[in-house]
Amino acid sequence: MKETHYSASTIYMNMMSGYLSRSGFDSLEKIASDANIPIAKRGRVPLLEILRLVDAVAAKTQNPAFGLDIGIQMHPSEYGIISHAFMNCGNLNEVMDLTIRYTHLINDAFILNTERGSGNELTLVLETAHDEPGLIPLIELDFASMLTMTRFLAGSKHQDDVKLLEVSFKHPPQTMPEHYIAHFKCPVKFNQPTNSVSVETAVLKTKVYSSDPYIFRYLLKKIEEIAERLLVNVPLKRRVFDYVVKQLPYGVPSVADVAKAFNMSPSTLKKHLNQESANFTEICDEVRKGVAVKMIAVRKKPLKEISNYLGFSNSSTFNRAFKRWTNMSPSEYRQKKQSSGTGKQAHTRQMEEEV
């Protein structure tokens with residue numbers, strides 16, 4: 001999946017523009033002009049252009065954590081029609097479902113998934129298409145704005161009920177750790193295997209203040225129309241890849257299941273994929289590989305649990321597949337990752353302490 005295939009909404013640009021104005025800096029247009037970066041007023045733009053703008057804004061403001069600040073300061077309406085749909089959901093669980101389903105409308109290099117933990121814990125995991133450093137402010141913006149939005153939706157009487165258990169970032173802190181903790185009000189960890197937010201499931205039952213189910217259904221229909229128009233320009237192999245990722249918690253889908261989801265016969269799906277030099281089996285294999293290496297890096301996940309999650313019939317089959325992908329067994333890969341991370345963890349331990 002090449003970076004050039006990804007795009008993002010101009011919502012990001014509007015948010016950066018507002019932040020610059022509030023902070024007394026040059027306008028986004030001026031910064032973009034100085035850096036020879038094209039500016040689009042609406043719709044979608046190539047993600048690489050957004051990342052160039054992110055780098056230019058960070059350099060101008062000398063604030064690599066400006067994405068975090070935008071998310072903290074955001075106005076609840078800044079996500080456009082999706083914001084208004086949020087405001088008319090029945091509860092925060094519906095807000096989460098909507099967020100997961102339509103994250104790609106804001107940035108199609110991002111995929112959100114949920115993982116059930118022990119007891120009543122639920123973790124929202126943000127997967128990125130690649131590890132471009134310019135994505136860091138956007139990741140922090142999304143996490144911070146997610147909390148800002150849900151507190152607003154709960155209303156003044158219940159906003160303090162919206163509490164997180166833990167926030168984790170794959171990257172190092174972009175500013176003093178205390179700044180993150182002041183907003184998230186929970187332990188915040190850095191240099192972790194995933195970008196994730198953990199919460200008690202009871203929080204998701206919090207009702208959205210002054211919602212209207214009729215308005216919600218109308219807005220949802222409009223969002224679905226926008227999503228359908230967007231898919232026209234996305235390569236089929238990319239759409240299949242994303243679909244398999246989203247379905248993985250329920251099992252690896254068959255080619256028949258995927259073809260049905262895209263209103264095609266299995267033979268037509270295979271034909272179109274072949275025209276893009278892609279193969280359904282190889283796409284599923286790529287998904288499994290990407291998820292496997294990330295899950296194995298997390299020490300607390302038993303290898304058998306990972307094997308089952310990825311749909312392997314037994315541990316031996318999983319071991320053979322993993323060795324084909326990495327030339328190492330799952331246990332060897334985990335040991336290598338943990339050994340290489342020991343020095344980094346010691347260096348960053350102070351920043352990862354709970355405050």
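Q: Hi! What should I know before I start?
A: Residues are numbered from 1 along each chain as its sequence is written, and side-chain values use heavy atoms, with hydrogens and water left out. Since this is a predicted model, local features need pLDDT of at least 70 and side-chain atom pairs count only at pLDDT 80 or more, while totals for chains, interfaces and linings use all residues.

Q: Thanks! Which residues touch the most other members of the largest nonpolar core?
A: Those are Met-16, Ile-50, Val-167, Phe-169 and Phe-184, in a core of 76 residues. A nonpolar core here is a set of buried Ala, Val, Leu, Ile, Met, Phe, Trp, Tyr and Cys residues joined through side-chain atoms within 4.5 Å. Buried means under 20% relative accessible area, exposed over 50%, and partly exposed in between (1.4 Å probe, protein chains only).

Q: And which helix gives the largest share of this core?
A: Helix α7 (residues 135-154), with 10 residues. Helices (H or I, at least four residues) and strands (E, at least two) are DSSP runs, numbered from the N terminus.

Q: What is Ile-50 in contact with?
A: Leaving aside neighbours within four places in sequence, Ile-50 is in contact (heavy atoms within 4.5 Å) with Ala-8, Ser-9, Tyr-12, Met-13, Val-45 and Leu-138.

Q: How do α1 and α3 pack, parallel or perpendicular?
A: Helix α1 (residues 11-23) and helix α3 (residues 47-61) pack at about 10°, with axes 11 Å apart, so they are roughly parallel. Axes are lines fitted to C-alpha atoms, for helices over the stretch in contact, and angles run from 0 to 180 degrees between N-to-C directions. Under 35 degrees counts as roughly parallel, over 145 as roughly antiparallel, 65 to 115 as roughly perpendicular and the rest as oblique.

Q: Which residues of α1 and α3 meet?
A: Tyr-12, Met-13, Met-16, Tyr-19 and Leu-20 in α1 meet Ile-50, Leu-53, Val-54, Val-57 and Thr-61 in α3.

Q: What about α1 and α4?
A: α1 and helix α4 (residues 66-73) pack at an angle of about 90°, with their axes 10 Å apart. That makes α1 roughly perpendicular to α4.

Q: New topic: what is the strand order in the open sheet?
A: The 5 strands run β3-β4-β7-β5-β6, with mixed pairing. Two strands pair if DSSP finds at least two bridges between them. The edge strands are β3 (110-116) and β6 (188-189), each pairing on one side only.

Q: Last one: is Asn-274 buried or exposed?
A: Asn-274 is exposed, with a relative accessible area of 57%, and lies in helix α12 (residues 266-275).
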